[in-house]
Amino acid sequence: MRRLTRLFMIFTLLLAGCSNNGTGEQSLSSAQGSPSPNGSFAKDKTFGIIYPMTYPTYELITLDANETAANNNVALIVNAPDEANTEQQIRIMESMIKQGIDGIAISPVDSAALAPVINKAEATGIPVVTFESDAPGSNRTAFIGADNFMTGRQSAMTVSRLLGHKGMIIVENGMEEMLGMQQRLEGFLDYLAQESSIDVLEVHHNKGSEEQAMSDIETMIDAHPHFDAMVGLDYISASASTLIWKAKGLNRLAISMGITSTNKDALINGQLAAVISQNETIWGRTIVETLLRASKGEKVDSMLNTGITELSADQLK
């Protein structure tokens, strides 16, 4: 059965594959507008968006950003490492600084490691906003997203309610070095310890790899066949658990992160019992609008909280 889910996983990745530029980085979206002979774009502003990795959730954010950019005569350069990688994020950001673009949005893999290059951009007059995961030790202009500690608590509240505040669960999280993931796990465990009798059997981190997430979840299922629920605290865990639930025909509860068409289908089909969202669908618009104001020298709030939403199958019917 594990071989079956592996093959299913590989087939899915092939269908969703993006072209690689040969540097270990993925260009997720070409800039809107064609470069002029001197290399600049025929737009009022040029902004860069840097993701931790390529993933469908980020593609949805890009679509939202593209629409807002087009309405404001803004060119977008969107890029990401092919796999979660701090060094590649730094190289991408250094390149954007060298190009002299007007603003940068980044979801940092490692906030501490990215802080110096964020500060470098800000020092040269390029406003930087973080999203999804913050870099509070840097001079970034603003953070866009939800409180990750509270997001973790919401995930815990949801699974606790669905299990009647008792039971045994397994947990899959994202990149261990990513601040947002650390905060989600802390909030999650804090709530369960204080407010429930739920036993957390194991916690694994997938390093931003869907294949690793698949392996982690299958390993935990094999080690704890009597578990009551699986909770994913990152986007990758959602698709990985959905593939496994389909392949194995599991009827255990699964709760995960992010509103995507795949997750909505999984809710309707019963592979997911609930989805916790930080309202990622408005991040793209918020990123572009915030960078527009900041690049014009206008004051912006240092924290733009997009809130937390719990979605169930009943809400989609």
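Helices (H or I, at least four residues) and strands (E, at least two) are DSSP runs, numbered from the N terminus. With that in hand, threonine 306 sits in the loop between β12 (303-305) and β13 (309-311). I'll come back to that loop.

Ground rules. This is a predicted model: local features need pLDDT of at least 70, side-chain atom pairs count only at pLDDT 80 or more, and totals for chains, interfaces and linings use all residues. Residues are numbered from 1 along each chain as its sequence is written, and side-chain values use heavy atoms, with hydrogens and water left out.

Overview. The protein chain has 11 helices and 13 strands. Of its 317 residues, 54% count as buried. Buried means under 20% relative accessible area, exposed over 50%, partly exposed in between (1.4 Å probe, protein chains only). Now contacts, meaning heavy atoms within 4.5 Å. Among those between residues at least 6 apart in sequence, 73% join residues at least 24 apart.

Next, the strands. Two strands pair if DSSP finds at least two bridges between them. Start at β9 (residues 229-232). Both of its faces are covered: Ala229 and Val231 on one side, Met230 and Gly232 on the other, all buried. Strand β7 (residues 166-173) pairs with β9 in the parallel sense, over 4 bridges. There, glutamate 172 has glycine 232 as its bridge partner. β9 also runs parallel to β10, joined by 3 bridges. Methionine 230 stands opposite alanine 254 of β10.

Keep going. β10 (residues 253-257) pairs with β11, again parallel, over 3 bridges. Isoleucine 255 has alanine 274 in β11 as its bridge partner. In β11 (residues 274-277), Ala274 and Ile276 point one way, Val275 and Ser277 the other, and all are buried.

Over to β5. Strand β4 (residues 103-106) and β5 are parallel partners, with 3 bridges. Isoleucine 106 bridges to threonine 130 in β5. Val128 and Thr130 point one way from β5, Val129 and Phe131 the other, and all are buried.

A nonpolar core here is a set of buried Ala, Val, Leu, Ile, Met, Phe, Trp, Tyr and Cys residues joined through side-chain atoms within 4.5 Å. The largest such core has 70 residues, and Ile49, Leu76, Val159, Ile169 and Phe188 touch the most other members. Another core lies apart from it, with 16 residues, among them Ile92, Met93, Met96 and Ala135. Look at valine 159. Leaving aside neighbours within four places in sequence, valine 159 contacts Ile169, Phe188, Leu192, Ile198, Ala229, Val231 and Ile255.

Isoleucine 221 lies in α7. Isoleucine 221 is buried, at 9% relative accessible area. Beyond four places in sequence, isoleucine 221 touches Ile170, Phe227, Ile244, Trp245 and Leu250. Isoleucine 221 and isoleucine 170 are 51 residues apart in sequence, and 8.0 Å apart in space, C-alpha to C-alpha.

Back to threonine 306. Buried or exposed? Threonine 306 counts as buried, at 11% relative accessibility. Not counting residues up to four places away in sequence, threonine 306 touches Ile144, Gly145, Ala146, Gln278, Asn279, Ile282 and Trp283. Asparagine 279 is 27 residues away in sequence, with 6.1 Å between the C-alphas.

Glutamate 132 has phi near 70 degrees, a positive value in a residue other than glycine. Glutamate 132 lies in the loop between β5 (128-131) and β6 (142-145), and is buried, at 2% relative accessible area. Lysine 207 also has a positive phi, near 60 degrees. Lysine 207 lies in the loop between β8 (197-205) and α7 (210-223). This one counts as exposed, at 61% relative accessibility.

On a 1 Å grid over the protein atoms alone, a cavity is a set of points where a 1.4 Å probe fits but cannot get out; lining residues have an atom within 4 Å of a point. Grid points join across faces, edges and corners, and volume is the space filled by probe spheres set on the points. The structure holds 1 cavity of 30 Å³ or more. The largest cavity has about 70 Å³ of space. What lines the largest cavity? Its lining includes Met53, Tyr55, Tyr58, Glu132, Asn206 and Asp234. So glutamate 132, buried at 2%, is one of the lining residues.

Notes: 1 Å grid on protein atoms, 1.4 Å probe; cavity = no way out; pocket = protein on both sides within 12 Å on 5 of 7 lines; lining within 4 Å.
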